[in-house]
Amino acid sequence: MSKEKWVEKYRPESFEEISGNSKAVKKFVKWAKKWREGTPSKKAVRLVGPPGVGKTTAAYVLAGEFGWEVMEMNASDERAKDIVERLAGTASSSGTLSMGTGGRRLLVIDEADNLHGNADRGGKAAITKIIKGSSQPIVLIANDEYGMSGGMRRNTMKIEFKHPRQGEVVKALQRVQRREGFKAYKNALREIARNADGDVRGAINDLQSIAESKLVGGQDVLRKDDVDLGDRNREENIWKLLNSVFRNDDFSKLLRVKRDLDSDITPDDLLHWVDSNLPKKYDGEDLVGPTRYLGRAAVYLGRVSTSGNYSLWSYASEMSTLGVCVNKPFQSAPQYRGPEMFSMLSKARSVRNKQNSLTRKISDGYFVSEDMAVEMIPYLKLIFSSDEEQAVRIAHRLRLSEDEVGYLGGDPEIADKEIKEVREIDEDEDEAQVSLGDF
Ligand SMILES: Nc1ncnc2c1ncn2[C@@H]1O[C@H](COP(=O)(O)OP(=O)(O)OP(=O)(O)O)[C@@H](O)[C@H]1O
């Protein structure tokens, strides 16, 4: 069995091989056809959805099917100036851009939601500028569309990718398993898919690590009993957790990974892992929010050691993970609502209605099921009652009404507070001086 990562080795090469998300794929293809005819309604699309569901893969498959050359860049790797120089440089060195690929190049900008803070504002402006001036199709990829600037959203067409259903994930696993040439009972694959919660990449990685550890010594079939995901390497789980804390806001995944790890790591160790990696991700003011929460985790740990009350441990690990995740830098932007929506919300006075609308917003905003959203409400209450600055960010991200903010224990006025500031940020971006021709 090869040691190469199966997710790479068996990356789908045709749309049929992409499990689930058929509606999104159809919309994507329709947009590309318009480009081919020279009449795109939008120059760029944004593929939005949770990690590991096939967004990047779909972009590559599309390019392959249309005979377009791909140019990929990671939004967070580059600052505005570098983006401009790199693209301008490539354009001039490649001359006409035709290069035998039907004259088209697909620019894929990954992690388009991962530009944070003032330093990256120029980066967002540069991307918006690239989109506006481009003569080539562009794909932005993001887990959280509200991590993109208003300019980026306004200039792109949204295509939403979702977690494929369990059966679809099983199909993806079967494809890999058959091509790798071993046998597996369907209930084993189902179990892996169930654990992966719709994350196809995670499911294939799990299949590989289980197969590599179990299909030894003459065993040639993978059985359900082999699927003991608790066996997974502790360190691998820690990296997964850090990735969930820092890279995206997929709470269901974060909670799942955290649950998997809880019995393998003490809250002290967890705090140190997060603390020592934080400065690698952020600097300056961006460190303030997450560090405050690590500080609170340390206070709880201190109380545990002086009082011997270990029930406080869980608060410490929640502060170090969920607290840091929610409070890492994030630039949200307002989405305008029609008057009907306002009146609908203002009628929703009862606690029950408030809970329902809140649950829906949390579920949409953090890509989690409504059940999971209900579980998150106590954490949000904790934040809203103790940290106004962070509450403002969350209120904006989820576009909470005054009533909903009040329900979470925050000051209802913060529902409106940041709208002005956020709008100013957008305008700044549009005015930022970035010059770039077609890439
Ligand atoms: N829907 C899918 N069908 C089949 N394989 C998939 C699917 N989604 C992901 N994979 C597998 O997982 C790998 C990673 O997927 P991909 O990079 O497309 O995810 P993504 O949605 O772009 O994630 P991220 O948001 O983290 O960039 C692929 O190479 C492929 O092997």
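Q: In this predicted model, what does K224 touch, not counting residues up to four places away in sequence?
A: K224 touches Y185, N187, A188 and E191. It is found in the loop between β7 (221–222) and α10 (234–247). K224 is also 8.6 Å from R190, C-alpha to C-alpha, although the two are 34 residues apart in sequence.

Q: Why is K224 called partly exposed?
A: K224 has 15 other C-beta atoms within 10 Å. A residue is buried at 20 or more and exposed at 12 or fewer. The count for K224 falls in between, and K224 is therefore partly exposed.

Q: What makes R179 exposed?
A: R179, which lies in helix α7, has 11 other C-beta atoms within 10 Å. The limit for an exposed residue is 12 or fewer, so R179 is exposed.

Q: Which residues of α7 and α8 meet?
A: On the α7 side they are Q166, V169, V170, L173 and Q174. Their partners in α8 are K186, L189, R190, I192, A193, R194 and A196.

Q: What makes α12 roughly parallel to α14?
A: The axes of helix α12 (residues 267–281) and helix α14 (residues 313–327) cross at roughly 20 degrees and come within 9 Å. Angles under 35 degrees count as roughly parallel, so α12 is roughly parallel to α14. The contact is made by P267, L270, L271 and V274 of α12 with W313, A316, S317, S320, T321 and V324 of α14. In this pair, α12 passes α14 in a left-handed crossing.

Q: Why is helix α18 described as largely enclosed by the rest of the structure?
A: Eight of the 10 residues of α18 (residues 388–397) are buried, so the helix is largely enclosed. The buried residues are Q390, A391, V392, R393, I394, A395, H396 and R397. α18 is followed by R399, whose phi is positive, near 55 degrees.

Q: Is N21 buried or exposed, and how do you know that?
A: N21 has 26 C-beta neighbours inside 10 Å. The threshold for a buried residue is 20 or more, so N21 counts as buried. N21 lies in the loop between α1 (6–9) and α2 (22–37). Its phi is positive, about 55 degrees, although N21 is not a glycine.

Q: Why does E111 count as partly exposed?
A: E111 has 19 C-beta neighbours inside 10 Å. Because a buried residue needs 20 or more and an exposed one has 12 or fewer, E111 counts as partly exposed. E111 is found in the loop between β3 (105–110) and α5 (121–133). Phi of E111 is near 50 degrees, a positive value in a residue other than glycine.

Q: Which residues have the most contacts inside the largest nonpolar core?
A: They are V139, L140, L173 and A203, in a core of 57 residues. Helix α9 (residues 200–214) gives the most to this core, with six residues. At least three residues come from each of domain 1 (21–162) and domain 2 (166–231).

Q: With which residues is V139 in contact, leaving aside its neighbours within four places in sequence?
A: V139 is in contact with A44, V45, L47, A59, L106 and V108. A second, separate core has 43 residues, including L241, A297, Y300 and L322.

Q: How many helices and strands are there in the protein?
A: The protein has 21 helices and seven strands. Of its 439 residues, 43% are buried.

Key: Residues are numbered from 1 along each chain as its sequence is written. This is a predicted model: local features need pLDDT of at least 70, side-chain atom pairs count only at pLDDT 80 or more; totals for chains, interfaces and linings use all residues. A nonpolar core is a set of buried Ala, Val, Leu, Ile, Met, Phe, Trp, Tyr and Cys residues joined through C-beta atoms within 7 Å. Helices (H or I, at least four residues) and strands (E, at least two) are DSSP runs, numbered from the N terminus. Domain bounds come from an automatic or database domain assignment. Two residues are in contact if their C-beta atoms, placed from the backbone, lie within 7 Å. Axes are lines fitted to C-alpha atoms, for helices over the stretch in contact, and angles run from 0 to 180 degrees between N-to-C directions. Angles under 35 degrees count as roughly parallel, over 145 as roughly antiparallel, 65 to 115 as roughly perpendicular and the rest as oblique. A crossing is left-handed if the near helix is turned anticlockwise from the far one by less than a right angle, and right-handed if clockwise.
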